Amino acid sequence: MCTKGTIQTNLGRILKIVDGRNVRIIAVTKYYDEQCIKNTYSVGLRDFGESRALEAVEKINKLDDEIRRNSTYHFIGHLQTNKVKHVVGFFEYIHSVDSLKLAQEIAKCAAEKNIVQKILVQVNNANEQSKFGIAPSQLDNLIDEIRRLDCLELVGLMNIAPNIEDEKELGRLFSQMSELKDRYNLAELSMGMSHDFKIALDEGATMIRLGRILFENS
């Protein structure tokens with residue numbers, strides 16, 4: 001599991017499905033150690049997704065300088081305001097902004113560090129009680145408020161689709177996300193995981209977040 005050979009084989013299958021589309025493959029390493037990141041880097045991937053702030057920082061800081069300098073880190077988990085200081089500037093993208101309060105805290109921390117932080121707004125368009133994210137009906141107000149904040153660059157939207165087998169429903173949810181991205185004139189759409197990334201690609205994902213399908217033997 002998570003050997004260079006396994007990753008290389010799995011990545012080959014994934015790239016055939018991607019079929020030349022301009023999409024960023026984010027290797028979700030939150031359940032894997034720094035050796036897994038090294039193996040993933042060695043086969044050519046440069047984007048890594050983590051969801052536990054302190055553990056991720058500790059793990060990434062153990063990596064070789066070359067890997068740290070040449071990789072892009074994405075924070076994809078729920079972010080508590082008291083962890084913002086650890087994430088801002090360390091991760092190039094924060095995918096999981098789901099409230100004005102969180103956006104304000106990120107902007108404040110970015111200003112203190114004299115940087116511009118790239119963020120995505122997390123949308124819960126399946127209305128799942130167990131998941132974070134805002135309803136599509138709340139996007140107008142939140143995006144308007146975020147675009148007034150200094151030191152933030154709103155680049156896109158993110159969602160986590162339900163873990164269901166209904167491809168038609170998944171397609172509908174991903175299609176709605178694509179429409180929202182276009183409505184707000186955003187560049188990035190982070191959607192699609194190991195079980196549903198093929199559908200997400202068909203509906204316009206620009207970032208897919210892959211863990212198990214990349215690292216484990218099929």
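# Questions on a predicted model

Reader: In which helix does aspartate 65 lie?
Author: Helices (H or I, at least four residues) and strands (E, at least two) are DSSP runs, numbered from the N terminus. Aspartate 65 belongs to the run of residues 65-70, which is helix H4.

Reader: What kind of model is this, and what pLDDT do local features need?
Author: Residues are numbered from 1 along each chain as its sequence is written, and side-chain values use heavy atoms, with hydrogens and water left out. The model is predicted; side-chain atom pairs count only at pLDDT 80 or more, totals for chains, interfaces and linings use all residues, and local features need a pLDDT of at least 70.

Reader: How far apart in space are aspartate 65 and methionine 1?
Author: Aspartate 65 is partly exposed, because its relative accessible area of 45% falls between the limits for buried (under 20%) and exposed (over 50%), taken with a 1.4 Å probe and protein chains only. Along the sequence, aspartate 65 and methionine 1 are 64 residues apart. From C-alpha to C-alpha, their separation is 25 Å.

Reader: Is threonine 29 buried or exposed?
Author: Threonine 29 is placed in the loop between strand E1 (24-28) and helix H2 (34-42). Contact means heavy atoms within 4.5 Å, and, not counting residues up to four places away in sequence, threonine 29 touches Ile37, Phe48, Gly49, Glu50, Lys59 and Phe215. Its relative accessible area is 0%, so threonine 29 is buried.

Reader: Which residue in E3 stands opposite phenylalanine 48?
Author: Two strands pair if DSSP finds at least two bridges between them. Strand E2 (residues 47-50) and E3 run parallel and are joined by 4 bridges. Within E3, the residue opposite phenylalanine 48 is tyrosine 73.

Reader: Which residue in E4 stands opposite histidine 74?
Author: In strand E3 (residues 72-75), Thr72 and His74 point one way, Tyr73 and Phe75 point the other way, and all are buried. E3 also pairs with strand E4 (residues 93-97), in the parallel sense and over 2 bridges. Opposite histidine 74, E4 places tyrosine 93.

Reader: How many of the residues of strand E6 are buried?
Author: E6 pairs in the parallel sense with strand E5 (residues 117-122) over 6 bridges, and glutamine 117 stands opposite leucine 152. E6 also has a parallel pairing with strand E7 (residues 188-190) over 3 bridges, in which leucine 157 faces leucine 189. Strand E6 (residues 152-158) is mostly covered, and its buried residues number 6 of 7.

Reader: What distance separates the C-alpha atoms of glutamate 153 and valine 116?
Author: Glutamate 153 is located in strand E6 and is partly exposed, with a relative accessible area of 37%. Leaving aside neighbours within four places in sequence, glutamate 153 is in contact with Val116, Gln117, Lys118 and Ile119. Glutamate 153 and valine 116 are 37 residues apart along the chain, yet their C-alpha atoms are separated by 6.5 Å.

Reader: What is the phi of asparagine 127?
Author: Most residues other than glycine have a negative phi. Asparagine 127 lies in the loop between E5 and H7 and is exposed, with a relative accessible area of 58%. Although asparagine 127 is not a glycine, its phi is positive, at about 55°.

Reader: What is the volume of the largest pocket?
Author: On a 1 Å grid over the protein atoms alone, a pocket is an open set of points where a 1.4 Å probe fits, with protein on both sides within 12 Å along at least five of seven lines; lining residues have an atom within 4 Å of a point. A volume is the space filled by probe spheres set on the points, which are joined across faces, edges and corners. For the largest pocket the volume is about 550 Å³. Of its 23 lining residues, the closest to the centre are Val28, Lys30, Tyr31, Ile76 and Met193, around a volume of about 550 Å³.
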